[in-house]
Amino acid sequence: MVGDAAHPYVENITLKDGVGLYGGFAGGETTRDERDWNTNVTILDGGDIEEEAVVTVSSGATITTVLNGFTIRNGTTGIYCLSSSPTITNNTIAANSSRGISCYRSSPTITNNTIAGNGEGISCYTSSPTITNNTIAGNETGIYCYDLSPSITNNIVAFNTM
């Protein structure tokens with residue numbers, strides 16, 4: 001999809017089972033371990049267009065489905081997990097109007113992310129996420145879980161409205 005002049009490239013990615021998507025490369029690396037996602041920022045931008053999500057993890061995706069090392073911003077939802085269990089790590093998920101990460105009937109592993117400036121930081125319905133070592137700050141709601149059994153460990157949850 002092509003966006004407007006302010007956002008010439010608008011992302012709307014669907015990850016399927018077993019696919020790993022990694023950001024943070026400068027271009028000269030020979031292994032994935034050499035990348036630096038803090039210095040070499042790779043942006044997936046929803047362009048403020050009313051799409052379902054910037055990244056959707058498709059039904060049936062397992063823990064081998066990886067989203068790692070991106071800035072995911074300006075979507076209605078940053079990451080949407082539907083009946084899946086992806087690994088979401090080392091990302092900055094910010095400025096999404098509705099939710100940073102939304103999970104429905106899913107058990108994602110959400111680790112080492114910064115989730116800031118979204119409507120809801122993490123929103124899970126009928127899900128069992130593992131949420132560890134994240135900074136969840138400056139959202140309207142930090143973590144909202146309904147009808148599930150999450151594992152929430154060692155996160156910084158601060159400066160959220162609710």
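Residues are numbered from 1 along each chain as its sequence is written, and side-chain values use heavy atoms, with hydrogens and water left out. Because the model is predicted, local features need pLDDT of at least 70 and side-chain atom pairs count only at pLDDT 80 or more, whereas totals for chains, interfaces and linings use all residues.

When neighbours within four places in sequence are left aside, I101 is in contact (heavy atoms within 4.5 Å) with I79, I88, I93, I110, I115, G121, I122 and S123.

A salt bridge is counted where a side-chain nitrogen of Lys or Arg lies within 4 Å of a carboxyl oxygen of Asp or Glu, and by this rule the count comes to 2. In one of these, R73 is paired with D45, and the closest N and O atoms are 2.7 Å apart. R73 lies in strand β6 (residues 71–73) and D45 in strand β3 (residues 43–45), so the pair ties together parts that are 28 residues apart in sequence. With accessibility classed as buried under 20% relative accessible area, exposed over 50% and partly exposed in between (1.4 Å probe, protein chains only), R73 is partly exposed at 30%, while D45 is buried at 7%.

A salt bridge is also formed between R99 and E120, for which the closest N and O atoms are 3.3 Å apart. Here R99 lies in strand β10 and E120 in strand β13, so the pair ties together parts that are 21 residues apart in sequence. R99 is partly exposed, with a relative accessible area of 24%, whereas E120 counts as buried at 17% relative accessibility. The side chains of E120 and R99 also make a polar contact (3.3 Å), a term that denotes a pair of N or O atoms within 3.5 Å of which, within protein, one must be able to donate a hydrogen and the other to accept it, residues adjacent in sequence counting only if both atoms are side-chain atoms. Not counting residues up to four places away in sequence, E120 touches S98, R99, G100, Y125, N139, T141 and Y144.

Rings of Phe, Tyr and Trp (its six-membered ring) pair if their centres lie within 6.5 Å, with planes under 30 degrees apart counted as stacked, over 60 as edge-to-face and the rest as tilted. The structure holds 2 aromatic pairs, and the one between Y125 and Y144 is tilted, at 5.7 Å centre to centre and 55 degrees between the planes. Y125 lies in strand β13 and Y144 in strand β16 (residues 141–146), so the pair ties together parts that are 19 residues apart in sequence. Both tyrosines count as partly exposed, Y125 at 24% relative accessibility and Y144 at 34%. The rings of Y125 and Y146 have centres 6.4 Å apart and planes at 55 degrees, so this pair is tilted. Y146 lies in strand β16 and Y125 in strand β13, so the parts tied together by the pair are 21 residues apart in sequence. Y146 counts as partly exposed, at 48% relative accessibility, and ring pairs link Y125, Y144 and Y146 into a cluster.

A disulfide is a covalent bond between the sulfur atoms of two cysteines. With the criterion of a pair of cysteine sulfur atoms within 2.5 Å, the count comes to 0 disulfides. The sulfur of C124 is 3.7 Å from the closest cysteine sulfur, in C103, which is too far for a bond, and C124 is buried, with a relative accessible area of 0%. For C145, the closest cysteine sulfur is that of C124, at 4.9 Å, again too far for a bond; C145 is partly exposed, with a relative accessible area of 28%.

Finally, T153 is found in strand β17 (residues 151–153) and counts as partly exposed at 41% relative accessibility. Its contacts, leaving aside neighbours within four places in sequence, are with I131, T132 and N133. T153 and A61 are 92 residues apart in sequence and 23 Å apart in space, C-alpha to C-alpha.

Terms used: Helices (H or I, at least four residues) and strands (E, at least two) are DSSP runs, numbered from the N terminus.
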